[in-house]
Amino acid sequence: MATPSDAQRMEKIVSLCKRRGFIFQSSEIYGGLNGAWDYGPLGVELKRNLKNYWWRVMVHERDDVVGMDGAILTHPAVLKASGHVEGFSDPMIDCRTCKAHLRADQLVEKNGVQQCPNCGGKELTEARQFNLMFETHVGAAAEESSVAYLRPETAQSIFVQFKNILEVSRKKLPFGIAQIGKAFRNEINPRNFTFRSREFEQMELEYFCRPEQGMNLLEYWKEERLKFYENIGIPREKLHVLTVPDEERAFYSKGTYDIEYDFPFGRQELEGVAYRTDYDLSQHQKASAKSLDYFDEETKEKIIPHVVEPSAGVDRTVLAMICEAYAEDQAPNDKGEMESRIVLRFHPRMAPIKCAVFPLLKNKEPLVTKAKEIVALLRPQMTVFYDESGAIGRRYRRQDETGTPFCVTVDFETLGEKDPVLCDTVTLRDRDSMKQERVEIRKLTAILRERIR
Ligand code: GAP
């Protein structure tokens, strides 16, 4: 259960996201577009770091996975065959008092009576199915033959391109096709900041295999994906694996796990890992009348491969990383007095800015020159931020709030003015421990690269 302090924590996180340029409401100056969000300068870096790391471990570091990037506009036949046109819907109920449209699972029950969560109204309509897909028209004529959909998941273009990719990649089972990209769902009630949006990104892998490998691979991918979250700074004890019960699983799935995270607004799904059997390829083969089978050279048999799918949300994972990183603690100011600070303890691998560089004083030309030389030295290797304004303590605080794991300060020792032994050394300050160490400039790049990898 989320408590009031969790609600306050979430409010603080949303406000920090806006203040520091992680996430803004989309079309904000026109009143906002519900369910759509824009990522600012720091948010886009965090998101890219996440997507790049996912691509690295799921594609680049493996021999058995290749990538693709499919179109968002999708032929209606694809989504008819997949079952989305008929069945991709949520039950919707209207409140007759405040006119809110609600998902059936959002109603609250008091004394055995269902009520509207917004106004407490008890006058509710019957549930009816609401299709979540966004329909559009391709070309100049807005008639039925021109209908296309914005894809509701990236997975379908992988299934539809299965044969092409199999041929060009010459992979043997088991192998996977990975994709990161936008998906669109006209959610009845977008909520919890970016958690449930109408436009969002997914990171999906369709891992094709023989039928007898499916259940083992479901376990394998669940474990791989748990490791992934730990490697981006989400501790194992905040992650939970829900075995989706038979009655809630898609009829074609032989097993599904939801990987959940303890958000301040409750335990919620980050990713689904599903064994989808041969359902998708079989459906597309039937509907398109094109063969989507796999010829096994060893057994000389043709089979429709089965598939295990780890499907993660980019925006939800970004939100989980921000929620996990957010902390308030005590830090000394320039006079050595303790003050409260807000700090984002991102895993250095994920942090939007890896290192900030400060000259101790902005009006001492040799300090500024040296600091700018260090920026130029580090910039080809990592994201760097140069800041010369305000007291050093204030500059540290600003970087703590944006989650920068390391700060480098150029001082008079760096110039060799106090002790020639310290010439060309700088202080390297760690965000979490706030400890400072003296390091040689020539070793700085290697030290930082090791810590942010
Ligand atoms: N291809 C399977 C699939 O799309 P899903 O459980 O509907 O499965 C996978 O979606 C992931 O996509 C979810 O675990 C979640 O992280 C993300 N996701 C789904 N709907 C979302 C929404 N409305 N807003 C943000 N992320 C969403």
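At what distance does a polar side-chain atom of Glu 269 lie from an oxygen atom of the ligand? In the predicted model examined here, this separation is 2.6 Å. A polar side-chain atom of Arg 185 is likewise placed 2.8 Å from an oxygen atom of the ligand.

Salt bridges were then considered. The search over the whole structure returned 42 of them. One joins Glu 328 to Lys 12, with 3.0 Å between the closest N and O atoms. Glu 328 belongs to strand S20 (residues 326–332) and Lys 12 to helix H1 (residues 4–19), so this pair ties together parts that are 316 residues apart in sequence. Both partners are partly exposed: the relative accessible area of Glu 328 is 45%, and the relative accessibility of Lys 12 is 38%.

A further salt bridge is formed by the side chains of Asp 94 and Arg 128, at an N to O distance of 2.9 Å. Because Asp 94 lies in strand S5 (residues 89–94) and Arg 128 in strand S9 (residues 128–131), the contact ties together parts that are 34 residues apart in sequence. Here the two partners fall into separate accessibility classes. Asp 94 is buried, with a relative accessible area of 15%, whereas Arg 128 is partly exposed at 37%.

The side chains of Arg 103 and Glu 187 also meet in a salt bridge, with an N to O distance of 4.0 Å. This pair links distant parts of the chain, 84 residues apart. Arg 103 is located in strand S6 (residues 101–103), and Glu 187 in the loop between strand S12 (175–184) and strand S13 (199–209). Arg 103 counts as buried at 12% relative accessibility, and Glu 187 counts as buried at 5%.

Salt bridges also occur as a connected group. Asp 329, Glu 339, Arg 341, Arg 345, Arg 397, Asp 400, Arg 429, Arg 431 and Asp 432 are linked in a network of such contacts. Arg 345, one of the members of this network, is also among the residues that line the largest cavity.

That cavity has a volume of about 50 Å³, and the search of the whole structure finds one cavity of 30 Å³ or more. Besides Arg 345, its lining includes Ile 232, Gly 233, Ile 234, Met 321, Glu 324, Ala 325, Phe 346 and His 347. By class, the lining comprises five nonpolar, two polar and two charged residues.

The second largest pocket has a volume of about 410 Å³. Its lining consists of 14 residues, of which Asn 49, Arg 56, Arg 349, Lys 354 and Ile 452 lie nearest the centre. Two or more lining residues are given by helix H2 (41–60) and helix H12 (441–452), and H2 gives the most, with five residues. Six charged residues contribute to the lining of this pocket, together with four nonpolar and four polar residues.

Several backbone features were examined in the loops. Most residues other than glycine have a negative phi, and most peptide bonds are trans. The peptide bond from Leu 173 to Pro 174, by contrast, is cis, with omega near -5°. Pro 174 is situated in the loop between helix H6 (162–169) and S12.

Positive phi values are found at Ser 27, where phi is near 55°, and at Ala 289, where phi is near 60°. Ser 27 is placed in the loop between strand S1 (23–25) and strand S2 (37–39), and counts as partly exposed at 36% relative accessibility. Ala 289 is found in the loop between helix H8 (279–288) and strand S17 (294–296). With a relative accessible area of 68%, Ala 289 is exposed.

Another loop proline, Pro 152, lies between strand S11 (147–150) and helix H5 (155–160). Pro 152 counts as buried, at 1% relative accessibility. Its C-alpha atom is separated by 8.0 Å from that of Leu 132, which is 20 residues apart from Pro 152 along the chain.

Conventions:
Residues are numbered from 1 along each chain as its sequence is written. This is a predicted model: local features need pLDDT of at least 70, side-chain atom pairs count only at pLDDT 80 or more; totals for chains, interfaces and linings use all residues. Side-chain values use heavy atoms; hydrogens and water are left out. Helices (H or I, at least four residues) and strands (E, at least two) are DSSP runs, numbered from the N terminus. Buried means under 20% relative accessible area, exposed over 50%, partly exposed in between (1.4 Å probe, protein chains only). On a 1 Å grid over the protein atoms alone, a cavity is a set of points where a 1.4 Å probe fits but cannot get out, and a pocket is an open set with protein on both sides within 12 Å along at least five of seven lines; lining residues have an atom within 4 Å of a point. Grid points are joined across faces, edges and corners, and a volume is the space filled by probe spheres set on the points. Ala, Val, Leu, Ile, Met, Phe, Trp, Tyr, Cys and Pro count as nonpolar, Asp, Glu, Lys and Arg as charged, and the others, Gly among them, as polar. A polar contact is a pair of N or O atoms within 3.5 Å; within protein, one must be able to donate a hydrogen and the other to accept it, and residues adjacent in sequence count only if both atoms are side-chain atoms.
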